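Here are my notes on the model you passed along. Have it open beside you as you read.

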Amino acid sequence: MTDTIQHHLSDALLMAYSAGTLPEAFSLTVAAHVSMCDECRARLGAFDTVGGALIEQTETVQMAEDSFEATMARINNAEPEPQARPVRRGGLLPAPLQDYVGGDLDAIQWKPIGMGVKQAILPTSRDATARLLYIPAGAAVPDHGHRGTELTLVLQGAFADEVDRFGPGDIEIANEDLDHTPVAEAGADCICLAATDAPLRFRSLIPRIAQPFLRI
Ligand code: ZN
Ligand code: ZN
């Protein structure tokens, strides 16, 4: 699967994940991508190595002006810690997600949110929301903008929006600057994991009225 992944995690997200500072919903999404992606797993190994060394130093050493550049240089030169290959339990969902769902696809409790789209909100801390989205082939998620950050990881099928096409394993990182209408590709229903840290801004009236009830 790694060969086909085109859209990866940013350095900022990997660094925050390594430091343990992400909200639970974002940590879950990062962990799920890392479990599907050899490239990001290797990058995470480098952050883990340098992060551990930095924590040991910070108590005694004042951070220098150029500490960010110095840190990035060390990350680029670091021997990555060997990362265990992800546990493959079979099924469609990556292992970190199966723990939240309590099984694979057939254990998900979908709730319809209109136009054939279904969602299942996962039990994470309330500072951010993680949801599985089921978008029938050819259907669209309503046009929306974002107040905060939205991470969308494709688990099955593919969607396209104004930015690009996203297939299995790809992650889209959206923020305030992006208004988009993700449309599932024809052929296969699309299943995604989406994490958001603020309510989305929907353009049309009906999704906005429904928003408080759907927690999106
Ligand atoms: Zn990746
Ligand atoms: Zn979005």
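1. The protein chain comes to six helices and 11 strands, taken as DSSP runs (helices H or I, at least four residues; strands E, at least two) and numbered from the N terminus. Keep in mind that this is a predicted model, with local features needing pLDDT of at least 70, side-chain atom pairs counting only at pLDDT 80 or more, and totals for chains, interfaces and linings using all residues. As for bookkeeping, residues are numbered from 1 along each chain as its sequence is written, chains are lettered from A and ligands numbered from 1 in the order written, and side-chain values use heavy atoms, leaving out hydrogens and water.

2. Of the 216 residues in the protein chain, 42% are buried, meaning under 20% relative accessible area with a 1.4 Å probe, protein chains only (exposed is over 50%, partly exposed in between). Take contacts (heavy atoms within 4.5 Å) between residues at least 6 apart in sequence: 68% of them join residues at least 24 apart.

3. Now the sheet. Six strands form an open, antiparallel sheet in the order β1-β2-β3-β10-β5-β8, where pairing requires at least two DSSP bridges between two strands. β1 (111–114) and β8 (171–174) are the edges, each pairing on one side only. On average, neighbouring strands are turned by 25° against each other, direction ignored.

4. For one pairing in detail, look at β2 (residues 117–121) and β3 (residues 129–135): they run antiparallel and are joined by four bridges. Ala120 has Leu132 in β3 as its bridge partner.

5. Helix α2 (residues 24–36) packs on the sheet, touching β3, β5 (150–156), β8 and β10 (190–196), and its direction makes about 40° with that of β5. Axes here are lines fitted to C-alpha atoms, for helices over the stretch in contact, and angles run from 0 to 180 degrees between N-to-C directions.

6. Is α2 enclosed or exposed? With 11 of its 13 residues buried, it is largely enclosed by the rest of the structure. The buried residues include Phe26, Leu28, Val30 and Met36.

7. Last, the metal. The zinc ion (ligand 1) is coordinated by His8 (ND1), His33 (NE2), Cys37 (SG) and Cys40 (SG) at 2.1 to 2.3 Å; donors are N, O and S atoms within 2.8 Å of the metal (3.2 Å for Na, K and Ca). Their spacing in sequence is H-x24-H-x3-C-x2-C. The angles subtended by the four donor atoms are 96 to 127°, so the arrangement is tetrahedral, which for four donors requires all angles between 85 and 135 degrees. Both His33 and Cys40 are buried.

Terms used: Tetrahedral: all angles 85-135°; square planar, octahedral: opposite > 155°, others 65-115°.
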